[in-house]
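User: I should like to learn how to read the features of a structural model. Please take me through one example, with the general idea first and the particular case after it.

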Amino acid sequence: MPRRLLLHAPGKSAAAGGPGTGSQVLGLVSLMRVESATENLGGLAMLNALSTALFAVALRLASEVTEPPAGLLALAANPRLVPALTALFNEPAHAWTLPELAQRCTMSRATFIRHFQERLGRSASDLLTDIRMTVAANALKTSEMSTGAVAELAGYQSEAAFHRAFKYQMGITPAQWRRTHARPAELRLGTSS
């Protein structure tokens with residue numbers, strides 16, 4: 001994703017003639033403010049869901065501009081590359097190969113590599129590693145899974161290979177990550193005192 005994304009949301013939808021994305025953003029932000037100001041049951045779940053919705057609206061707005069920004073948004077805006085992007089995000093543990101991804105996009109391997117690199121500025125394997133590390137980091141932070149189970153979840157056959165990749169990508173070992181980023185048990189279980 002770009003480091004900074006500035007989007008302008010129209011107040012009315014030109015296509016539908018009804019409330020536009022600007023109204024949706026205002027409504028979501030208003031609901032988020034209400035939920036964050038009070039301690040209602042399920043408030044954290046509501047904030048998480050509203051944040052997801054806000055993110056989706058921002059992606060929709062970004063995809064509607066004539067020249068989408070570079071990175072994942074540019075990749076997602078290219079309908080020929082969406083099947084590969086979807087596969088990587090939906091099944092990060094799968095041992096994806098370039099020929100498989102190219103075939104999903106009905107492209108030759110060389111064409112796929114070129115288009116992917118032009119849109120993202122990185123290779124498909126670099127993106128897959130990022131996705132896997134995000135999956136692993138979240139599992140380490142929010143669960144009690146063993147490091148071996150996290151490695152398998154992230155698509156690594158060997159725990160040692162996972163350790164090397166995680167340390168290279170994140171700068172610390174999985175155990176160090178867990179110690180510094182783990183949520184308290186009561187938050188992981190959804191209870192509070």
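Analyst: A helix here is a DSSP run of H or I with at least four residues, and helices are numbered from the N terminus. The model before us is predicted. By this assignment the protein has eleven helices and zero strands, so its pattern along the sequence, as the definition of these elements sets it out, is α-α-α-α-α-α-α-α-α-α-α. Thr106 illustrates what lies between such elements: this residue is found in the loop between helix 5 and helix 6.

User: What is the phi of Thr106, and is this residue buried or exposed?

Analyst: Most residues other than glycine have a negative phi. Thr106 has a positive value, near 45 degrees, although this residue is not glycine. Its relative accessible area is 69%, so Thr106 is exposed.

User: How should I judge confidence, and in which helices is it lowest and highest?

Analyst: Where pLDDT is low, the predicted coordinates should not be read in detail. In this protein the mean pLDDT is 81, and 77% of the residues reach 70 or more. Helix 5 has the highest confidence, at 95, whereas helix 11 (residues 185–188) has the lowest, at a mean of 48. Two stretches call for the caution just stated. Over residues 13–18 pLDDT stays under 50, and the model has four contacts beyond four places in sequence for them. Over residues 186–193 pLDDT likewise stays under 50, with seven such contacts.

User: How is burial read, and what share of the residues is buried?

Analyst: A residue is called buried under 20% relative accessible area and exposed over 50%. In this protein 29% of the 193 residues are buried. The accessible surface comes to about 12,100 Å², and carbon and sulfur atoms hold 57% of that area. Two residues show the two sides of the rule. His115, in helix 6 (residues 109–120), has a relative accessible area of 15% and is therefore buried. Beyond its neighbours within four places in sequence, His115 is in contact with Arg80, Leu81 and Met107. Arg179, in helix 10 (residues 174–181), counts as exposed because its relative accessibility is 64%. The C-alpha atoms of Arg179 and Leu140 are separated by 9.0 Å, although these residues are 39 apart along the chain.

User: Which residues of helix 4 are buried, and against which helices do they pack?

Analyst: In helix 4 (residues 82–90) the buried residues are Ala84, Leu85, Ala87 and Leu88. Viewed down the helix axis, they fall within an arc of 160 degrees, and so line one face of helix 4. They pack against helix 3 (72–76), helix 5 (98–104), helix 6 and helix 7 (124–142).

User: How many residues make up the largest nonpolar core?

Analyst: In soluble globular proteins, nonpolar side chains tend to be buried together. The largest nonpolar core here has 19 residues, and Leu75, Leu81, Leu88, Leu101, Phe112, Phe116 and Leu127 have the most contacts inside it. Helix 3, helix 4, helix 5, helix 6 and helix 7 each give two or more residues to this core. Another core lies apart from it and has 13 residues, among them Met133, Ala136, Val150 and Phe162.

How values were computed:
Residues numbered from 1 in each chain as written. Predicted model: local features only at pLDDT ≥ 70, side-chain atom pairs only at ≥ 80, totals over all residues. Heavy atoms only, no water. Buried < 20%, exposed > 50% of the residue type's maximum accessible area, 1.4 Å probe, protein only. Areas by Shrake-Rupley, 256 points an atom, 1.4 Å probe, with all protein chains shown as cover. Contact = heavy atoms within 4.5 Å. Arc of directions from axis to C-beta. Core = buried A, V, L, I, M, F, W, Y, C linked by side-chain atoms within 4.5 Å. pLDDT = per-residue confidence, 0-100.
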